[in-house]
Amino acid sequence: MEAPQYKRVLLKLSGEALAGKKGFGIDNGVVSDIAQAIKKISDRGVQAAIVVGGGNIFRGRTGEGMDRTTADHMGMLATVINSLAMRSALEDVGVDTRVQTAIEMKAITETYIRLRAMRHLEKGRVVIFGAGTGNPYFSTDTAAALRAAEVDAEIILLAKKVDGVYDKDPSEDPSAVKFDRLTYLDVLSRNLKVMDSTATSLCMDNNIPIRVFSLEDPNNILRVVNGEDIGTIVKGE
């Protein structure tokens, strides 16, 4: 088997991915399958950091009737719940894992410290970053781009429900066309919603490529790490 293409990656999982077909909450079977896929890349020597969204529990911008800051803080707590579930699944399959959160909650997680996170990765541990950036008005997409830059990840693996980036929503329009390659400026100028504009700009400024692919088959994580050209790649010119 060929050596992995990447040494260190950041995997961005949506909260909805953890819900599976249930659509809400956490599907333990799905989380277990994702953990098995992450174990495969970890066993091959790939250092993996993870950022998990919280949309399967609570999404800050949908908190009607409350101020945005409070709603976003609730969304951050949802990402911590998902991070703990992901850690449990990874530990169950024998992967040494740490959760670090941008908001201090020392009874259950480590507080995010960049050098400590780097050391965990160097020791072969998976590190899950919870609570977003710790600030309201910033999405977990932006948290993924920020943490990827901070820990020197070579690429962001953006696992979604769809198998790449399309010019329109393929679930609503069957004529939607899938892109194999895009530049950051393509994403921004065409408002393609790969990641939010802040996250995309941060990736562009730091030259961090983004590989968008489907998590319907969790083994796609291994395929991407092995260098298979699946989904859509977003990078510079």
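A crossing of two helices is left-handed if the near helix is turned anticlockwise from the far one by less than a right angle, and right-handed if clockwise. By this rule, the crossing of α2 and α3 is right-handed. The model is predicted: local features need pLDDT of at least 70, side-chain atom pairs count only at pLDDT 80 or more, and totals for chains, interfaces and linings use all residues. Residues are numbered from 1 along each chain as its sequence is written, and side-chain values use heavy atoms, with hydrogens and water left out.

Helix α2 spans residues 28-43. Helices (H or I, at least four residues) and strands (E, at least two) are DSSP runs, numbered from the N terminus. The axes of α2 and α3 come within 9 Å and cross at roughly 60°. Axes are lines fitted to C-alpha atoms, for helices over the stretch in contact, and angles run from 0 to 180 degrees between N-to-C directions. Angles under 35 degrees count as roughly parallel, over 145 as roughly antiparallel, 65 to 115 as roughly perpendicular and the rest as oblique. The two helices α2 and α3 are therefore oblique to each other. Val31, Ser32, Ile34, Ala35 and Ile38 of α2 meet Ala85, Met86, Ala89 and Leu90 of α3. Contact here means heavy atoms within 4.5 Å.

Helix α3 also holds Gly75. Gly75 counts as buried, because its relative accessibility is 10%. Buried means under 20% relative accessible area, exposed over 50%, and partly exposed in between (1.4 Å probe, protein chains only). Gly75 and Gly55 are 20 residues apart along the chain, and their C-alpha atoms are separated by 7.6 Å.

Gly55 itself sits in the loop between β2 (47-52) and α3 (68-92). Its relative accessibility is 28%, so Gly55 counts as partly exposed. Leaving out residues up to four places away in sequence, Gly55 touches Gly15 and Glu16. An unreviewed UniProt entry annotates a "binding site" that covers Lys12, Leu13, Ser14, Gly15, Gly55, Arg59, Tyr166 and Asp169. These residues are spread over 158 residues of sequence, and they are also spread in space, up to 23.6 Å between C-alpha atoms. UniProt positions are given in the numbering used here, feature names are shortened, and annotations may be inferred rather than shown by experiment.

Tyr166 belongs to strand β7 (residues 165-166). It counts as buried, because its relative accessibility is 18%. Setting aside neighbours within four places in sequence, Tyr166 is in contact with Ala176, Val177, Lys178, Phe179 and Leu192. The side chain of Tyr166 also makes a polar contact with the side chain of Asp163, at 2.6 Å. A polar contact is a pair of N or O atoms within 3.5 Å; within protein, one must be able to donate a hydrogen and the other to accept it, and residues adjacent in sequence count only if both atoms are side-chain atoms.

A further "binding site" annotation from the unreviewed UniProt entry covers Gly54, Asp72, Thr133, Gly134, Asn135, Pro136, Tyr137, Phe138, Ser139 and Thr140. Gly134 is in the loop between β5 (126-130) and α5. Apart from neighbours within four places in sequence, Gly134 is in contact with Met76, Ala102 and Ile103. Pro136 lies in the loop between β5 and α5. Pro136 is buried, because its relative accessible area is 19%. Beyond neighbours within four places in sequence, Pro136 is in contact with Thr69, Asp72, His73 and Met76.

Tyr137 is placed in the loop between β5 and α5. Its relative accessibility is 53%, so Tyr137 counts as exposed. Tyr137 has a positive phi of about 75°, although it is not a glycine. Ala131 is found in the loop between β5 and α5. Ala131 is not a glycine, yet it has a positive phi of about 65°. At 0% relative accessibility, Ala131 counts as buried.

Thr140 is in helix α5 (residues 140-150). Its relative accessibility is 19%, so Thr140 counts as buried. With neighbours within four places in sequence left aside, Thr140 is in contact with Lys12, Val51, Val52, Gly53 and Thr79.

Leu222 is part of helix α8 (residues 220-225). At 18% relative accessibility, Leu222 counts as buried. Not counting residues up to four places away in sequence, Leu222 touches Lys40, Ile41 and Arg44. Leu222 and Leu188 are 34 residues apart in sequence and 28 Å apart in space, C-alpha to C-alpha.
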